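Reader: I'd like to learn how to read charged pairs and greasy cores in a model like this one. Could you walk me through it?

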Amino acid sequence: MDRFVVHPSGPLEGTVAVAGAKNSALKLMAASLLAEGTHVLHNVPRIADVDLMADLLRSMGLAVERHLTGALSIDRPDEVGTEAPWELVEKMRASIVVLGPLLARHGEARVALPGGDDFGHRPIDMHLASLEALGASFTTAHGFVEGRTDGLVGARILLEFPSVGATENVLMAAVLAKGETVIENAAREPEIADLAAYLNRMGAKVFGAGSSTIVVEGVEELVPVEHTVVPDRIEAATFLAALGVCGGEIVVQGARGDHMHMLVQKLGDMGLRTSPHPDGLWAMARGRLRATDIATLPYPGIATDYKPLLLTMLSVAEGVGIVTENVFSGRFRYVQELNRMGAQIRVEDHHAIVRGVARLSGAPVRAPDIRAGAALVVAGLVADGETVVLDAHHVDRGYERFDDKLRGLGADVTR
Ligand code: EPU
């Protein structure tokens, strides 16, 4: 059954482990296109998007295998196909990150154009402009973007906005370009630093990843290596949100407080206590949360992916909070679903005004995307009666054993 059934729960207690970050693992898998041989990735989450990226790589001729140890090995032969088909790109926009590595290694790539989605229109103009600056040229026809180059050459690139995907695509192209590339206004997410660490281990020369200026000295060749994916900060935040609405005391094993500074600070304002723990992050919540204002921003700001969780928390907090979305204009769709559960949220343009209520009211709701789906499950934990979250497959795209993990903390969630 493709749904979660949730009942009021709490207080939560115990330890829950976070998996490797989806948004790092997918890019590391794409980066394996850069070097022949066998790559081994540890801590890759068992989620649907990883399966889709594996399918995409397989469609190009790579062998991807999950071992009993949990490690994912990727065997990259000398020759690979250079096309990303529509059937896969349609299911996962992140497929676009094969563009940079394919151009760098093979001088050509044909990738289906990703369409719009629940976040609204999501263009790839910055990806293309930055790769053009390195010497690629593009044509679009029949729903595909086709790139070619006779050899990439390092350049100075100033991104209009610190786009995560554009930074990653240009980084993966620049490592094999001739000479030096400087990416200014680069995205600073921990997943970018993880990608750079992997590339450097492969023999690349990337400096400054994690800051807004990344310098890349192109090298001739890269080699396959082993690497462990950084923990998923959004999954960690999901358990903190569940704790926030249910109360209790938990340890989020593997969570990196240093990757979630701003969020932890905001949660502190709302009354949730956290502290570093030898295993990850300890957290405690008692009584009702307090409302606060929140604006989403590129890292180190509050990630847009945390927003649905924060809206759930504000829905049952004391007072009024305003949430401003600065990254994806159309990312408020699940608000209607939360309101059907009794939340009092009004959306004005890219702001949501949330008037906290004491309890929500269980209802059938539909998960519109990964994070919003998880946030609706969390809402069900503080909703009287039964909440049924339909379209659970959206949540599977980004969460491994989501209901199991919540149940481990004492939450009443079944699949
Ligand atoms: N943008 C452009 N042109 C471009 C690229 C981006 O206008 O060429 C705009 C986007 O439309 C958006 C903003 O720039 O308004 C930021 O987009 P960004 O490129 O940073 O996002 P992304 O790489 O497409 C990744 C994550 C998202 C996460 C965002 C923001 C992956 C696979 N996805 O998307 O995560 O919300 O960064 O942090 O890494 C998720 O995990 O569910 C998810 C959607």
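This is a predicted model: local features need pLDDT of at least 70, side-chain atom pairs count only at pLDDT 80 or more; totals for chains, interfaces and linings use all residues.

Reader: Okay, so is Glu337 buried or exposed?

Author: Glu337 has a relative accessible area of 14%, so it is buried; the cut-off for that is under 20%.

Reader: What do Arg340 and Glu337 form together?

Author: A salt bridge, with the closest N and O atoms 3.6 Å apart. To call one, you look for a Lys or Arg side-chain nitrogen within 4 Å of an Asp or Glu carboxyl oxygen. Here the two residues sit about one helical turn from each other, because they are three residues apart in helix α11 (residues 335-340).

Reader: How many salt bridges does that rule give?

Author: The count comes to 26. Take Arg233 and Glu191: their closest N and O atoms are 2.9 Å apart. That pair links distant parts of the chain, 42 residues apart, with Arg233 in helix α8 (residues 233-246) and Glu191 in helix α7 (residues 190-201). Both of these residues are buried.

Reader: And which side chain does Arg415 meet in a salt bridge?

Author: That of Asp396, at 2.8 Å from N to O. This pair also links distant parts of the chain: Arg415 lies in the segment after β26 (412-414), Asp396 lies in helix α13 (residues 393-396), and they are 19 residues apart. Arg415 has a relative accessible area of 39%, so it is partly exposed. Asp396 is partly exposed as well, at 24%.

Reader: Now the greasy part. What do nonpolar side chains tend to do in soluble globular proteins?

Author: They tend to be buried together. In this model, the largest nonpolar core has 77 residues. Met29, Leu34, Leu171 and Leu199 have the most contacts inside that core.

Reader: Which residues does Leu171 touch?

Author: Leaving aside residues up to four places away in sequence, Leu171 touches Ile183, Ile192, Leu195, Ala196, Leu199, Val206, Ile214 and Val216. There is also a second, separate core of 74 residues, and Val18, Cys246, Ile294 and Ala317 are among them.

Methods. Residues are numbered from 1 along each chain as its sequence is written. Side-chain values use heavy atoms; hydrogens and water are left out. Helices (H or I, at least four residues) and strands (E, at least two) are DSSP runs, numbered from the N terminus. Buried means under 20% relative accessible area, exposed over 50%, partly exposed in between (1.4 Å probe, protein chains only). A nonpolar core is a set of buried Ala, Val, Leu, Ile, Met, Phe, Trp, Tyr and Cys residues joined through side-chain atoms within 4.5 Å. Contact means heavy atoms within 4.5 Å.
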